[in-house]
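Biologist: Before we look at single residues, please show me the sequence and the structure. I will then ask about a few positions.

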Amino acid sequence: MAFDAKLAERINSALMTINPPGLVSKAMFGGVGYMVQGNMACGILDDRLIVRVGKDAYDEMLALPGTSVFDTTGRPMAGWVMVNADVISEENQLLEWVSRGVDFALTLPAK
């Protein structure tokens with residue numbers, strides 16, 4: 001399945017609202033990754049949002065409805081969650097999740 005182009009448009013709009021420094025999008029893992037100052041903040045895989053939340057918030061974010069472990073290779077990526085489409089159907093929900101990823105990426109040293 002190709003990544004959801006409509007979700008990409010919605011994420012682009014959310015990112016324009018946030019306006020993080022050093023924003024770049026790149027084709028990754030059959031989807032799109034959004035980088036902030038060289039660190040990935042979020043992305044799209046199929047029709048789901050990938051959000052980098054960090055290891056400290058990982059368990060808390062996985063406990064939220066509609067989230068799951070980010071695992072495409074049989075090796076789960078701690079600090080990253082997948083968010084189902086129904087959890088981000090409203091723009092404010094999407095903005096909240098994208099903001100989480102951006103906020104975490106901004107805690108990391110710029111690359």
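Modeller: A residue is called buried when its relative accessible area is under 20%, exposed when over 50%, and partly exposed in between. The model is a predicted one.

Biologist: Is Leu94 buried or exposed?

Modeller: Leu94 lies in helix H3, which covers residues 91-105. The cut-off for buried is under 20%. Leu94 has a relative accessibility of 0%, so Leu94 counts as buried.

Biologist: Which residues does Leu94 touch, leaving out those up to four places away in sequence?

Modeller: Contact here means heavy atoms within 4.5 Å. With residues up to four places away in sequence not counted, Leu94 touches Leu7, Arg10, Ile11, Leu49 and Ile88.

Biologist: How far apart in space are Leu94 and Gly33, C-alpha to C-alpha?

Modeller: In sequence, Leu94 and Gly33 are 61 residues apart. In space, their C-alpha to C-alpha distance is 15 Å.

Biologist: What is the phi of Asn19?

Modeller: Asn19 sits in the loop between helix H1 (5-18) and strand E1 (23-28), and it is exposed at a relative accessible area of 57%. Most residues other than glycine have a negative phi. Asn19 is not a glycine, yet its phi is positive, near 55 degrees.

Biologist: Where is Asp46, and is Asp46 exposed or partly exposed?

Modeller: Asp46 is in the loop between strand E3 (39-45) and strand E4 (48-52). Asp46 is not a glycine but has a positive phi of about 60 degrees. Its relative accessibility is 29%, so Asp46 counts as partly exposed.

How values were computed. Residues are numbered from 1 along each chain as its sequence is written. This is a predicted model: local features need pLDDT of at least 70, side-chain atom pairs count only at pLDDT 80 or more; totals for chains, interfaces and linings use all residues. Side-chain values use heavy atoms; hydrogens and water are left out. Helices (H or I, at least four residues) and strands (E, at least two) are DSSP runs, numbered from the N terminus. Buried means under 20% relative accessible area, exposed over 50%, partly exposed in between (1.4 Å probe, protein chains only).
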